[in-house]
Amino acid sequence: MNTADVMTRPVHTVEPTATVRAACALLVDHGFSALPVVGPGGVLVGIVSGSDLLVANLERGAATVAQVMTDSVISAPLTATLSELASAMLGHRLHCLPVVDARGRVVGVVGRGDLLRVLTPDDDVLAARVDRLLTAYSRTSRWSAEVAGGNVVVAGPFADEAERRVVTALVRTIPGVTGVELRPVITTDRTD
């Protein structure tokens, strides 16, 4: 697996002549941490981060992206491995890397979330979603969820059959869940 398999595309870019205001709007609208800055032919010439734009807005001195962008950019080739991508991001404390083709044109972006998505097993993601949903429903952490192959096992105390049906129905609403099993745990309040 390499960069081409995990990158996000199409990629949103800005030109150096774009206004700081327009770049801010693009970041806010899409929730990006940075935008590749491209010149003629889509060739990477810089990057502008949310931090760059925040400073520009606070200081109110810069009008264009060219005035606040970083022009020495670390980018990734389409052939970089996941390990190489992670090393570059962690080693340089980057949230994302522009991906360039052999001609230096921006063809995608790889963010930390892209790498985490690939490196995190689907069952772990489902278990986290089930835990979040059941905690929101009960406003407590009464149940634990384990997932194997999309099959969810929910363990914990259930008040009654109606609650068991509700929990089963809730868990089935999560995309990727293929089956639900409940393992009631009986709790006893002992007073000696």
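**Stop 1: helix 7**

Select residues 161-172, which form helix 7. Its 12 residues, at 1.5 Å a residue, should span 16 Å, and the end C-alpha atoms are 17 Å apart, which agrees. The expected span is 1.5 Å times one less than the number of residues. Helices (H or I, at least four residues) and strands (E, at least two) are DSSP runs, numbered from the N terminus.

This is a predicted model, in which local features need pLDDT of at least 70 and side-chain atom pairs count only at pLDDT 80 or more, while totals for chains, interfaces and linings use all residues. Residues are numbered from 1 along each chain as its sequence is written, and side-chain values use heavy atoms, with hydrogens and water left out.

Within helix 7, colour Glu163, Val167, Thr168 and Val171, its buried residues. They cover an arc of only 135 degrees around the axis, so they sit on the same side of helix 7; the arc is taken from the directions from the helix axis to the C-beta atoms. Now turn to the other side of helix 7, where Arg165 and Arg172 are exposed. Buried means under 20% relative accessible area, exposed over 50%, and partly exposed in between (1.4 Å probe, protein chains only).

**Stop 2: the cysteines**

Select Cys24 and Cys96. The sulfur of Cys24 is 15 Å from the closest cysteine sulfur, that of Cys96, which is too far for a bond. Cys96 is likewise in no disulfide. With a disulfide defined as a pair of cysteine sulfur atoms within 2.5 Å, the count is 0. Cys24 is buried at 16% relative accessibility, and Cys96 is buried at 11%.

**Stop 3: the largest pocket**

A pocket is an open set of points on a 1 Å grid over the protein atoms alone, where a 1.4 Å probe fits, with protein on both sides within 12 Å along at least five of seven lines; lining residues have an atom within 4 Å of a point. The volume is about 310 Å³, counted as the space filled by probe spheres set on the points, which are joined across faces, edges and corners. Strand 2 (44-49), helix 3 (50-59) and strand 4 (96-100) each supply at least two lining residues.

**Stop 4: the second largest pocket**

Which residues lie nearest the centre of the second largest pocket? Select Thr8, Phe32, Cys96, Val109 and Asp114, out of 16 lining residues. Strand 1 (34-38), strand 5 (106-111) and helix 5 (112-119) each give two or more residues to this lining. The volume here is about 220 Å³.
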